[in-house]
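Student: I have this model open and would like to go through it with you. Could you start with one side chain and build up from there?

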Amino acid sequence: MNSVVRNVSIEPAVAAVDFRGAMRHLTGGVSVITAGRGKDITGMTVTSVTSLSVEPPSLIVSINRAASSWPLIARHGVFGVNILAADQRDIAERFTGKGGLKGADRFTGASWTTRASGVPLLVGALAAVDCEVEEIVERHSHGIVIGRVLDVIASERTAALAYWHGEYVAIDHEEDAARLAEVSLPSRHVHVRGPR
């Protein structure tokens, strides 16, 4: 009887610290996910929101299943995505739990409204998106939540809050474009005169 012996080498798993370090290079827009209704509300700061489809309007957010928002999203089947403006860093920090704030206490100090789903939506956000859960795919420590967009509140503001290398960074379309024009972009209105 011939038996085949195979040597299988198993590569070591990527260390969590190495993966986190690599992901710090990825700049993410900062959003607050809101969940629940009435007094049974909570929320969390995330950089994991992305659009999925325009037809029908839908998006994806990745949520840690240990987060306080998770059971409310699973129970109610709705959530809000509040895309933060550059001057809303305090709201981002509040929804990370800074200062020990939990649940409904995280909503103090800001104005909120509701739409079809009944979840709180931030007044003055760059955009607030009211969503219904279409599907949840559970993988590892997180749930990938696919949300069907029920309503959108958009503002005229142009300065966004981003997260990069462990820091909040303001991105202002008007201001940053002006800076680029000063240092590197040729003006469209420069006229070069030749010799007369």
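**Charged pairs and pockets**

Tutor: Lys98 is exposed, with a relative accessible area of 52%, where exposed means over 50%, buried means under 20% and partly exposed lies in between (1.4 Å probe, protein chains only). This is a predicted model, in which local features need pLDDT of at least 70 and side-chain atom pairs count only at pLDDT 80 or more, while totals for chains, interfaces and linings use all residues. Residues are numbered from 1 along each chain as its sequence is written, and side-chain values use heavy atoms, with hydrogens and water left out.

Student: OK, and what does Lys98 form a salt bridge with?

Tutor: Its partner is Glu93, and the closest N and O atoms of the two are 3.4 Å apart; a salt bridge here is a side-chain nitrogen of Lys or Arg within 4 Å of a carboxyl oxygen of Asp or Glu.

Student: Is Glu93 buried or exposed?

Tutor: Glu93 counts as buried, because its relative accessibility is 18%, whereas Lys98 is exposed.

Student: Which residues are linked with Glu93 in a network?

Tutor: A network of salt bridges links Glu93 with both Arg89 and Lys98.

Student: How many salt bridges are there by this rule?

Tutor: The count comes to eight. Another one of them joins the side chains of Asp90 and Arg94, at 3.6 Å from N to O.

Student: Where do Asp90 and Arg94 lie?

Tutor: Both are in helix H3, which covers residues 89-94, and they are four residues apart, about one turn of the helix. Helices (H or I, at least four residues) and strands (E, at least two) are DSSP runs, numbered from the N terminus.

Student: What about Arg115, which side chain does it meet in a salt bridge?

Tutor: Arg115 meets the side chain of Asp151, with 2.9 Å between N and O. This pair links distant parts of the chain, 36 residues apart: Arg115 is in the loop between strand E7 (112-113) and strand E8 (121-122), and Asp151 is in strand E10 (residues 142-154). Arg115 counts as partly exposed at 37% relative accessibility, and Asp151 also counts as partly exposed, at 25%.

Student: Changing topic, which residues lie nearest the centre of the largest pocket?

Tutor: They are Met23, Thr47, Ser48, His142 and Tyr163, out of 24 residues that line the largest pocket. Two or more lining residues come from each of H1, strand E3 (40-46), strand E5 (58-64) and strand E11 (159-164). A pocket is an open set of points on a 1 Å grid over the protein atoms alone, where a 1.4 Å probe fits, with protein on both sides within 12 Å along at least five of seven lines, and lining residues have an atom within 4 Å of a point.

Student: Which element gives the most to that lining?

Tutor: H1 does, with four residues.

Student: And what lines the second largest pocket?

Tutor: Its lining has 14 residues, and Val49, Thr50, Ser51, Leu59 and Ile83 are the closest to its centre. Strand E4 (49-53), E5 and E10 are the elements that give two or more residues to the lining of the second largest pocket, and E4 has the largest share, four residues.
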